[in-house]
Amino acid sequence: MSLLLRHVRLALGTFNLELDAELHGRITAVLGPSGAGKTSLMELVAGLRRPQSAFIQLGDRVLTDTARGVDLATRHRGIGYVPQDLALFPQLSVRQNLRYGRRAGGEADSLFGFERIVELLEIQPLLHRGVTELSGGEKQRVALARALLASPRLLLLDEPLSSLDAKLRARILPCLARIRDEFQLPILYVTHDRFEALSIADEMVVLIDGRVAQTGTAQEVFSRPANLDVAGLFTVETVQTGRIVNLADDLATVAVGSTLLTAVGRNLPANTREVYVCIRAEDVILLKGGDSPSSARNHLAATVKSVSREGPFVRVDVDCGFPLTVLLTRRAREEMAIEPGDRVVALVKAPQIHLIPRPA
Amino acid sequence: MTAAEWQIVWFTAWVAALSSLAILPAGLAAAWLLARRDWPGKSVLETLISLPLVLPPVATGLILLQLFGRRGAIGGFLHDRLDLDVVFTWRGVLLALSVMSMPLLVRSARVAFEEVDPRLEQIARTLGAGNLRVFYTITLPLAARGIIGGMILAFARALGEFGATIMVAGNIPGRTSTLSLAIYQNVQLGDDAHAFRLLGVSVALAFIAVWGSELLLRTSRQKP
């Protein structure tokens, strides 16, 4: 699937949504601070908003082409949309909600079978309930199933996990991965949570003030933010791919290249092996003049690669088997007299190494 | 109660109910257009519909009389082409009651439509529903309570209508005489016993209508 967005212009109160993007991901995360125009972009793709100008093409189907007066009606677009408020129909039962989008042809015409989706999202016990009696996680699954049962060609999810607690998130995320894999259904996934985006998406679009600040693979965007705005959004300077080699007592041993790190492995889904290793620059401590005992679990011998000023801070890039960015105050840097080429030890406490499951 | 009195009661209840139903299609259409669409002249229609609420009923009646009389713009057409007389017939009563109770239905229904989350209608569209299906499966059921409340209000208003009715339909015993008209006439003639019996019936009808609507609102409120 490819979603083409060309010369998109949509007036949004104080600013315009203006973008040009070509998305090819299986799950594309639309990431950005609140008010960046993420939801408006969803509504635009779904045909719920009329842009001043736009050319939108999904696969080989032109959905919107203002230049030629094409504006496919929402109901003919075949785009499943699960908004943040879910919008379940309160007067209908769960079953009636699920059946709402089914095409007149019945079972055979549906891309995804009713029974299969009910099973996949564990909705069977809810079918006869009213939607107002459901819990947040149950509502989320019903809304997802309802959108899927309309046989969409593209699924739009607006902050699907924002209203759920950590435990429920851990249950819904694998559901999304299953949907992606089993139905070959591309997903556009809006979130403001960088870790969520990293754990589910293989492509990322960063939206800031209505403009695309960056697109690329998840890791690219995280580790090489295109500009300060994007970097400020993530504030995670170091993102590396790693593999869990051991997990015991909630402590994970992770191999990044040939370097072994100790991190907290709690909250990881069972059997996670491939992970992103995220370390914030301000969480790293540098020692000069040899190693000494400390409570930090990770002592990494490193070589200083470069030193650069960043506002009141100094950014020090070191090589400890992988590139690691460290943020120091200017005073600290002067006192330690850190210069490129110096041998140092980088200390990182285990809880400050964030592990994020990586889509295989 | 005499046969003539029963005739008045039945006639009044029947025309009032008929008018509540007759205004439903146009009333709902107007309410929906006011709630969901913006178009030039919207405020004009809004004001026109509400006018009977603030005009003296007799003035509304006079306007209708002018329009629907045999020499009126509409009445002339109906008489000449369709051989249909409105003024001083039961149709005149129906017309007067409809015009007078329309604003109550439109106002209630409009608020009810406005309270339906447009999000639900949008999502129904993404699920493949067309405008008509969205209206019948989402908008209407969710607004039903307010619409029924508006119909009951309109019905109650129609039951007691006086000024417009007497202008358009007169007070012809056995043909256009309604409860209010008959009570007034009987009091004028000094026939108090007669007037009080009709008064009792009026109170009972009004009581049933209001009580029924309260009951309805309460039961539907219990449903989440």
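Helices and strands here are DSSP runs, numbered from the N terminus. Keep in mind that this is a predicted model.

Start by selecting A:Ala87, in the loop between strand S7 (79-82) and helix H3 (94-99) of chain A. Check its backbone: phi is positive, about 55°, although the residue is not a glycine. At 6% relative accessibility, A:Ala87 is buried, because the cut-off is under 20%.

Now hop to chain B and pick B:Asp83, in the loop between helix H5 (73-82) and helix H6 (90-115). Here is another non-glycine with a positive phi, near 55°. B:Asp83 is exposed, with a relative accessible area of 62%.

Go back to chain A and select A:Asp202 with A:Arg26, whose closest N and O atoms are 3.8 Å apart. This pair links distant parts of the chain, 176 residues apart: A:Asp202 sits in the loop between helix H7 (194-200) and strand S10 (203-208), and A:Arg26 in the loop between strand S2 (15-23) and strand S3 (27-31).

Then try A:Arg243 and A:Glu274, a salt bridge with its closest N and O atoms 2.8 Å apart. A:Arg243 is in strand S12 (residues 238-248) and A:Glu274 in strand S15 (residues 274-279), 31 residues apart. A:Arg243 is partly exposed at 40%, and A:Glu274 is partly exposed at 24%.

Last stop: B:Asp38 and B:Lys42, bridged at 3.4 Å between the closest N and O atoms. B:Asp38 is exposed at 71% relative accessibility, whereas B:Lys42 is buried at 15%.

Technical notes. Residues numbered from 1 in each chain as written. Chains lettered and ligands numbered in written order. Predicted model: local features only at pLDDT ≥ 70, side-chain atom pairs only at ≥ 80, totals over all residues. Heavy atoms only, no water. Helix = DSSP H or I, 4+ residues; strand = E, 2+ residues; numbered from the N terminus. Buried < 20%, exposed > 50% of the residue type's maximum accessible area, 1.4 Å probe, protein only. Salt bridge = Lys/Arg side-chain N within 4 Å of Asp/Glu carboxyl O.
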